[in-house]
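Subject: Structure for your review

Dear colleague,

Please find below the structure that I am handing over to you. My notes on what was found in it follow directly after.

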Amino acid sequence: MKFIKNHLMFILPLMAILLGIEFFLVFDRTTDSYERGLKEGYSMLVVAKKTMTLEELKQLNEHIDSSENIKRENIVDQIAKGISKSSAQEILQALPYFYSVRLDSYVSTSELEKIKKDLEKNKNIRNVETFGSSYSSNYRLFSFIKFTLRIFIVFMGVISLFLIIKQMEVWKYAHKERMQIMEIFGAPLMLRSGVLFKIALLDALVATIITGAFFLYLKFYWAGKSGIDIMMQNQEALFRMTDIAILLASAIAIVVFAVYTVVFSSAGGQE
Amino acid sequence: MSNVISASHLTLAYDRGKKEIIKDATFNIKKGDFVFITGPSGSGKSTLLKALYGQIKPIEGNLVVGGLDLTTARQRKLQDLRTHMGIIFQDYKLINEWTVAKNVVLPLMIAGYSLDVQQTQAHRLLKHVKLSEHADKYPMELSGGEQQRVGVARALSKNPVVILADEPTGNLDEYSSNVIWDLMENACQQLETTVLVVTHKIPSIFSLPYRHFIIESKGVYEVH
């Protein structure tokens, strides 16, 4: 019972940190794809006095990714129904050029304003419509969710780190005497810490497997049936095999840190 | 015969030199010497012993043990030196979660001997200290005298150049104490091991020729 308790006291906070790391990875991937969706669904309207190429627009601001010419003939067709062909021709000649412009990323509202100003500085551009209000509310909501989740993950990580430090003190108490005796008889650091390393590496492996299994369950069983759009659409982003390596490397790094902290603080050394 | 331990104008102190324990001590100990170090409580007997196994660094003078200058030795060299020493403590310092047999062969384990050699040596040493039947027990299951015999067996396990003993019989009754003295006398006589014992009182049953140092008023003096 004591054996299981000792292991759980290290495995649980380690798992909390690994869950935090994995949530961070998953959230980043999911929001990346959501951000891509928002970016692709968004475009601004540029009204120009004469035709403008994409390169000309790109020179005005580096965020401009693509532009699409809105055919003026279609506009005239919509607004000049029932009027003569020559009048329609006159309207067409008087009409400016319209471009639907897409950006390379989902930028902030202040950046959006800057893009607008950069474009309007060009004498050939008559007007730029950014549809700022709907963009702004989307962006703020998105940023808020991203920020709060990251804060939560960091908070969870800090609390877990405190729990690990607490467990390190228990280890220190339990192993200090043995390590000091071994040190007196000339045992090198690796031999003194060998037992601790074995225990901690086993715990790291267990924590990684449980965390990985949890996310695999989420990916293959829960996400598909959850009814949550963002989960169903991003099922693939929920867990990747490379995540196992990231989780294991993180767990081992925490273990090495924990064990060496115990070993060095238990060392008698020279007085 | 060559010196195993050589101290020259040795000064030992705690609190970064503020609290001097031993000052300007000079002495030499040769191979095969059996040395008693006595002195009042708090005189620095255990401090001197700690300095001999490198736990305390001298603040002045020189201290050479087994050819290694402890005033300048690095941790790696100190570790190496300790593997050639047998150290016996008043409070035994056995590892309670290990069996008696495993405790005995700790120095062999550190030196990287194979499990077979460790087992053979554990059997031989425990037979030598008359604890063969306790090999698989844990230290807490033994009496104080038996635990100290395990400590002596551990100290002898790698045929050390020098044995340092800090009040080895301080917690034992007369019978157990006599057994421990007997074991240490044998080690000195048969293996020509240098033995340094810190004690309050030299045992009356001791039969070997020995040297006697007294620590008093921070000085180390040999009694002739």
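I begin with one residue of chain B and its surroundings. Leaving aside its neighbours within four places in sequence, B:Asn103 is in contact with B:Leu94, B:Ile95, B:Trp98, B:Pro139, B:Val150 and B:Arg154. Please bear in mind throughout that this is a predicted model. B:Asn103 belongs to helix H3 of chain B, which covers residues 100–104. Is B:Asn103 buried or exposed? It has 25 other C-beta atoms within 10 Å, and 20 or more is the cut-off for a buried residue, so B:Asn103 counts as buried. One of its contacts, B:Arg154, lies 51 residues away from B:Asn103 in sequence, yet the two are 6.8 Å apart in space, C-alpha to C-alpha.

The sheet of chain B comes next. Four strands of chain B form an open sheet in the order E2-E1-E4-E5, with antiparallel pairing. Its edge strands are E2 and E5 (68–69) of chain B, each of which pairs on one side only.

Within that sheet, strand E1 (residues 3–14) of chain B pairs with strand E2 (residues 19–30) of chain B in the antiparallel sense, over 8 bridges. In this pairing, B:Ala7 stands opposite B:Phe27 of E2(B). E1(B) and E2(B) make a hairpin with 4 residues between the strands, where B:Asp15 takes a positive phi near 50°. E1(B) is also joined to strand E4 (residues 60–65) of chain B by 5 bridges, and these two strands run antiparallel. Here B:Thr11 is found opposite B:Glu60 in E4(B). Helix H1 (residues 45–52) of chain B lies across E1, E2 and E4 of chain B, and runs at about 120° to E1(B).

I now turn to chain A. Its secondary structure comes to 9 helices and 4 strands. Read from the N terminus, the elements follow the order α-β-α-β-α-α-β-α-β-α-α-α-α. Chain A has 271 residues, of which 25% count as buried. Among its contacts between residues at least 6 apart in sequence, 81% join residues at least 24 apart.

One helix pair of chain A deserves a description. How do helix H7 (residues 189–225) and helix H9 (residues 241–266) of chain A pack, and at what angle? Their axes are 9 Å apart and the angle is about 150°. Angles over 145 degrees count as roughly antiparallel, and H7(A) and H9(A) are therefore roughly antiparallel to each other. The crossing of H7(A) and H9(A) is right-handed. Residues of H7(A) in this contact include A:Leu189, A:Leu196, A:Phe197 and A:Ala200, while those of H9(A) include A:Ile244, A:Leu248, A:Ile252 and A:Val255. By class, the contact of H7(A) with H9(A) has 17 nonpolar, 4 polar and 1 charged residues.

Finally, there is the interface between the chains. In it, 11 residues of chain A are in contact with 17 residues of chain B. Helix H6 (residues 132–184) of chain A gives the most to the side of chain A that touches chain B, with 3 residues. That side of chain A has 6 nonpolar, 3 polar and 2 charged residues.

With kind regards

Terms used
Residues numbered from 1 in each chain as written. Chains lettered and ligands numbered in written order. Predicted model: local features only at pLDDT ≥ 70, side-chain atom pairs only at ≥ 80, totals over all residues. Contact = placed C-beta atoms within 7 Å. Nonpolar A, V, L, I, M, F, W, Y, C, P; charged D, E, K, R; others polar. Pairing = 2+ DSSP bridges. Buried ≥ 20, exposed ≤ 12 C-beta atoms within 10 Å, placed from the backbone. Axes fitted to C-alpha atoms, helices over the stretch in contact; angles between N-to-C directions. Parallel < 35°, antiparallel > 145°, perpendicular 65-115°, else oblique. Left-handed = near helix turned anticlockwise from the far one by under 90°.
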